[in-house]
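Have the model open beside you.

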Amino acid sequence: MTDRRGAGTSCGGQKPTNKILWQTLRIFSFVFIAGFASLPGVAHAQSYTFNSFDVEGNRRIERSTVIARTGIQPGQTVTAGELNDAYQRLLDSGVFETVELTPRGSTLVIEVAEYPTINQISIEGNRRVKDDVLLEAINSQPRRVFTPQVAEADADQIAEIYSAQGRVSATVIPRIIRRSDNRVDLVFEIAEGTTIEVERVSFVGNRAFSDRRLRRVLETKQANILRTFLRGDTFIADRIEFDKQVIRDFYLSRGYVDFRVNSANVEFTRERDAFFLVMNITEGQKFSFGKISTVSEIPGVDPAPYQAALKIKPGVTYSPSLIENSIARQERLGLRQGVDFLRVEPRVTRNPRDLTLDVQFVLTRGPRIFVERIDIEGNTTTLDRVIRRQFDTVEGDPFNPREIRQSAERIRALGFFAVADVEPREGSTPSQVIVDVDVEEQPTGSLSLGGSYSVSDGFGIAIGLNESNFLGRGQNLGVTLSTAQDSEQYTLNFTEPYLLGRRLQFDLGLGLASTNSSFASYDTQRVFFNPQLSYAIGELSSLRLRYGWDRSEMTQQDNETNGAVIASEIEQGKRTTSSLGVSYVYDSRRGGLNPNAGVLFEVGVDAAGLGGDNEYYKTTARGIAQTRVLSEEVVLRASLELGALHWRGDDFSRTIDRFVLGPNTFRGFEPAGLGPRDLSNGQDDAIGGNYYWVARLESDFPLGLPEELGLRGGVFYDFGNLYNINNVNTAGADIVGADGSIRHVIGLSVLWTTPFGPLRFNFSQALKKEDFDKEQNFDLTIQARF
């Protein structure tokens with residue numbers, strides 16, 4: 001420990017003080033005397049009998065406490081070895097800096113020097129980490145006894161905090177400044193050093209997947225040209241262990257059941273300013289599912305319906321998650337059939353000749369153990385019911401370890417807690433268990449600032465305030481202000497994920513939006529109110545019921561002349577729409593059987609006319625299918641999107657009620673750049689259409705550049721149509737493109753993943769279009785959040 005009165009000196013590697021040397025000599029003397037006395041031919045060991053004690057130097061510690069710590073009683077005869085033990089006990093108490101025991105006849109003189117009291121604690125040299133964070137991590141506290149061991153441990157803890165940020169070269173030296181009344185100021189002097197980057201991440205033993213593909217899985221990233229903003233390229237030892245687990249999960253989910261990480265070696269570069277990370281792995285063979293069967297060892301339980309509940313088919317790539325999902329599906333069926341304590345045991349048989357795994361699901365009866373209660377601690381803000389509803393199990397239910405594990409994962413996935421531990425323990429009887437839930441709250445509010453740019457909308461700014469655990473009820477409340485060059489929008493969103501205590505999600509959105517577009521000859525103002533109910537009807541599917549109300553108006557822009565259609569629509573003034581809608585969504589892109597392929601299908605119907613001015617039926621649908629090929633390096637994606645509007649009212653429809661396509665839907669055209677147009681009054685107004693469909697085929701792939709640059713290439717082919725203007729007031733109008741025609745566009749893309757957000761550059765060329773279409777050969781889109 002360093003004592004800094006004027007110029008301090010460091011304890012690490014420094015010469016010991018005279019007091020420490022004297023203590024060492026006294027210990028050696030006691031040991032030597034005790035050992036010498038035990039040698040053969042030497043007189044009996046010297047013994048002492050003390051009738052009284054004299055304690056000197058104690059200021060805070062009571063005299064009786066010092067005597068008691070020696071373990072020597074008045075009148076007791078002790079040897080030199082026992083006297084040495086007493087001396088050691090006093091030192092080991094941790095409250096004395098020096099101890100001296102001196103026998104004077106029948107009196108034992110105990111001279112001690114107490115450790116000082118900490119007056120205050122200071123941190124010096126820290127710029128990257130605040131004082132509050134460091135002081136909270138150490139054990140030394142003001143007005144407590146100072147001990148060098150604790151101070152050194154605190155210095156190590158501070159160094160660990162810096163190491164977790166990639167500053168492994170940071171050094172921390174604890175020093176003391178002597179004050180009056182046996183007090184000291186404790187100062188931690190920090191040299192933060194620089195961050196140590198990961199210069200290169202490479203793999204040895206990988207054949208099925210390239211280094212580039214595997215690096216995308218890891219949390220640790222290679223240093224790149226944007227290293228100032230990218231924090232993933234700093235070396236953090238704990239992150240390496242996490243990477244070993246995620247790379248193992250990656251291979252296991254793709255059928256490599258024998259995969260293992262042999263080693264993860266980290267070495268300094270020659271300049272010692274960066275690290276090389278080399279993972280040595282063994283992939284093994286890729287296995288698929290073979291024969292899938294179900295048998296029952298429970299009398300009276302027919303395995304046939306349990307076999308029918310399985311979704312796994314022979315030939316599908318083996319994945320542990322599919323096994324886990326199958327077990328959960330069969331156990332849920334058992335609950336519905338009233339089979340208590342059902343356990344499903346998967347028994348796997350390896351067939352190395354054809355690289356398949358036969359899986360037999362065995363229905364067995366588990367031990368008769370019940371859940372006595374669920375104890376929740378540590379939730380200072382979050383209500384108990386928010387945590388309890390993550391459990392499918394309640395008090396009195398049969399105990400199922402797998403369900404408890406899944407409940408723990410759901411609690412962690414909430415994002416409300418920094419720590420969430422769920423552990424079962426034996427209850428009041430051996431047939432009962434108590435589930436302990438210990439959580440540690442973390443901040444759930446956020447203030448976000450985002451920016452965007454596109455050729456269509458120009459620059460935009462978004463400011464959002466969001467609370468994901470509103471009033472500790474697990475509700476989400478958010479306010480967003482977004483503005484672009486020609487538009488602005490204010491929205492309030494609220495989500496209740498468990499309406500009425502059930503897994504029924506309620507969403508509410510309301511807001512105000514206005515648009516002043518350079519691509520149209522009119523402005524729009526809109527107020528909207530949109531509540532919605534959503535609930536899962538399957539593992540991959542959900543149903544959404546919604547109500548929509550909005551009041552919108554088209555107004556003429558200053559110094560603009562409108563065509564006949566737009567002019568008549570502006571004259572309609574404010575119009576109100578009140579509608580009911582339903583949507584069905586099926587999405588297997590994440591939870592499907594194939595981790596590299598999936599589909600999204602969504603279809604919705606809205607009926608307007610429940611009050612308001614507009615009456616129509618609107619149908620929309622979209623489908624997306626994607627897969628990864630060539631060792632998952634290339635993504636292939638196909639999508640189809642369509643919509644149909646059937647107007648029922650006596651009034652004419654407006655452009656803002658019909659479908660209008662832009663570059664986000666059909667690349668290669670300006671916003672409202674294709675479809676029916678009105679050329680009257682010397683104008684060129686896009687008026688939208690009642691029907692549209694767009695098909696998109698695209699692929700993105702590596703460019704052969706270092707992947708830490710985040711650059712990928714892409715190609716796309718879009719084709720589609722927008723047509724039909726029934727129920728449009730065309731009096732005096734000069735309409736073109738009412739019947740529509742199929743447009744074809746091809747293009748190239750450059751995709752750049754940056755720490756600020758994804759950038760997409762699209763270069764397109766229309767193969768077939770109409771003369772009146774507004775083509776856009778280049779499009780740039782960026783979205784960023786800070």
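**Exercise 1.** Find the buried residues of helix 9 and what they pack against.

*Solution.* Begin with the list: Leu322, Ile323, Ser326, Ile327, Ala328, Arg329, Gln330, Glu331, Leu333 and Gly334 are buried (under 20% relative accessible area, 1.4 Å probe, protein chains only). Helices here are DSSP runs of H or I, at least four residues, and strands are runs of E, at least two, numbered from the N terminus. Next, look for partners in contact (heavy atoms within 4.5 Å): these residues pack against strand 13 (288–296), helix 8 (304–308), strand 14 (342–351), strand 15 (356–365) and helix 11 (401–413).

A note on the source: this is a predicted model, where local features need pLDDT of at least 70 and side-chain atom pairs 80 or more, while totals for chains, interfaces and linings use all residues. Residues are numbered from 1 along each chain as its sequence is written, and side-chain values use heavy atoms, leaving out hydrogens and water.

**Exercise 2.** Check the length of helix 9 (residues 320–336).

*Solution.* The expected span is 1.5 Å times one less than the number of residues. Just past the helix, glycine 338 has a positive phi of about 75°.

**Exercise 3.** Which residues have the most contacts inside the largest nonpolar core?

*Solution.* Of its 22 residues, they are Phe289, Ile292, Tyr306, Ile312, Ile323, Leu342 and Phe361. Such a core joins buried Ala, Val, Leu, Ile, Met, Phe, Trp, Tyr and Cys residues through side-chain atoms within 4.5 Å. Strand 13, helix 9, strand 14 and strand 15 each supply at least two of its residues.

Definitions and conventions. Buried < 20%, exposed > 50% of the residue type's maximum accessible area, 1.4 Å probe, protein only.
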